[in-house]
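Welcome! Please have a look at the model first, and then read on.

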Amino acid sequence: MRPTALVTVARYLLLDRVTYVVMPWAWGAFGFAIDVVILRLTPAGDTGQRWVGGLAAVFIVVFSAGVQTVARALPFALTLGVSRRTYYLGAGGLALAMAACFGLVVTLGQAVERATGGWGLHMAFFRVPYVLAGPWYMSWLTATTAFALLFVYGMWHGLVHRRAGMTGTTIFGGVQLTALALAAVIATWVHGWTSIVHFFTTITVAGATGVLAILVAIMFAGGFATIRRLTV
């Protein structure tokens, strides 16, 4: 497989600039504006940092973009002769590039935020407690990994929907919820909640980012296995 083929897939997807370029940043700007309005209307209190959650809006849009990558753009690409493998790897490459850019924006936003005293409001928009509050390179890596995770997870959901419809998608989500419930039951049986809480309260940001990276790899592999058996 030639690298140029993957670049061609990425360029094909970027023809829809609204989905991949405009919407994530537009929603991020919207979340930022909402947070500014809220902070201006509420008392500051004695806190040094006023944590907000508007950055989460970007991740919601990213998941949707991942779904649309295979729900809308895939069929036409296949009619043009692009193989499933090439398309999926090209889309994954685009996801990684977008994630790296997002991580860079978060890093630069943190620098501006610190220099301006939280935009003059003590607002921490790009700095999330524990997760995005460390050195710039760690914040970049964590934000990049989280972005890639949501995009790849969205692609996998979209592929399941194309292959099995709404029923299959519902079952797919149900299996995930069942697995979480089963894990909770097992943890209760073996009295493992103390160890679980200790793990999540002592793990470093680098360790948490590593866990996210493993999840990205698992979901990407799951999506790859799904698209190979997809009939469009």
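This is a predicted model.

**Overall layout**

- The chain is built from 9 helices and 2 strands, and from the N terminus on its elements follow the order α-α-β-α-α-α-α-β-α-α-α.
- Taken along the principal axes, the box filled by the C-alpha atoms is roughly 60 × 50 × 30 Å.
- The chain has 232 residues, and 38% of them are buried.
- Among contacts with a separation of 6 or more, 76% are between residues 24 or more positions apart.

**Confidence of the prediction**

- The average pLDDT of the chain is 88, and 95% of the residues score at least 70.
- Which elements have the lowest and the highest mean pLDDT? Helix α8 (residues 193–202) has the lowest, at 74, while α5 has the highest, at 94.

**The nonpolar core**

- The largest nonpolar core holds 47 residues, and those touching the most other members are Leu13, Leu55, Leu74, Tyr87, Phe102 and Phe151.
- Two or more residues come from each of α1 (3–13), α2, α3 (56–71), α4 (73–79), α5, α7 (136–189) and α9.
- The most is given by α7, with 12 residues.
- As general background, nonpolar side chains in soluble globular proteins tend to be buried together.
- Leucine 13 is in contact with Tyr20, Thr69, Ala73, Tyr87, Ala91 and Leu94, leaving aside neighbours within four places in sequence.

- How many aromatic pairs does a search of the whole structure find? The search finds 15.
- One of them joins tyrosine 88 and phenylalanine 220 in a tilted arrangement, with 4.6 Å from centre to centre and 35 degrees between the planes.
- Tyrosine 88 sits in helix α5 (residues 84–115) and phenylalanine 220 in helix α9 (residues 205–228), so this pair ties together parts that are 132 residues apart in sequence.
- Is tyrosine 88 buried or exposed? Tyrosine 88 counts as buried because its relative accessibility is 0%, whereas phenylalanine 220, at 24%, counts as partly exposed.
- Helix α5 has 32 residues, so at 1.5 Å a residue it should span 46 Å; the end C-alpha atoms are 47 Å apart, which agrees.
- Just after α5 comes glycine 117, with a positive phi of about 65 degrees.

**Residues of helix α2**

- Threonine 19 is found in helix α2 and is buried, with a relative accessible area of 8%.
- The side chains of threonine 19 and aspartate 16 make a polar contact of 2.6 Å.
- Not counting residues up to four places away in sequence, threonine 19 touches Pro24, Ala65, Gln68 and Arg72.
- Tyrosine 20 also lies in helix α2, and its relative accessibility of 5% means that it counts as buried.
- Beyond four places in sequence, tyrosine 20 touches Leu13, Leu14, Ala65, Gln68, Thr69, Leu94, Met98 and Phe151.
- The side chain of tyrosine 20 is joined to that of threonine 69 by a polar contact of 2.8 Å.
- Alanine 33 is in helix α2 (residues 17–41) and is partly exposed, with a relative accessible area of 39%.

- Histidine 122 has a positive phi near 60 degrees, in a residue other than glycine.
- Histidine 122 belongs to helix α6 (residues 118–122) and counts as partly exposed at 44% relative accessibility.
- Tyrosine 130, also a residue other than glycine, has a positive phi near 70 degrees.
- Where is tyrosine 130 placed? Tyrosine 130 is in the loop between β2 (123–124) and α7, and is partly exposed with a relative accessible area of 43%.

Key
Residues are numbered from 1 along each chain as its sequence is written. This is a predicted model: local features need pLDDT of at least 70, side-chain atom pairs count only at pLDDT 80 or more; totals for chains, interfaces and linings use all residues. Side-chain values use heavy atoms; hydrogens and water are left out. Rings of Phe, Tyr and Trp (its six-membered ring) pair if their centres lie within 6.5 Å; planes under 30 degrees apart count as stacked, over 60 as edge-to-face and the rest as tilted. Helices (H or I, at least four residues) and strands (E, at least two) are DSSP runs, numbered from the N terminus. Buried means under 20% relative accessible area, exposed over 50%, partly exposed in between (1.4 Å probe, protein chains only). The expected span of a helix is 1.5 Å times one less than its number of residues. pLDDT is the predictor's confidence in each residue, from 0 to 100. A nonpolar core is a set of buried Ala, Val, Leu, Ile, Met, Phe, Trp, Tyr and Cys residues joined through side-chain atoms within 4.5 Å. Contact means heavy atoms within 4.5 Å. A polar contact is a pair of N or O atoms within 3.5 Å; within protein, one must be able to donate a hydrogen and the other to accept it, and residues adjacent in sequence count only if both atoms are side-chain atoms.
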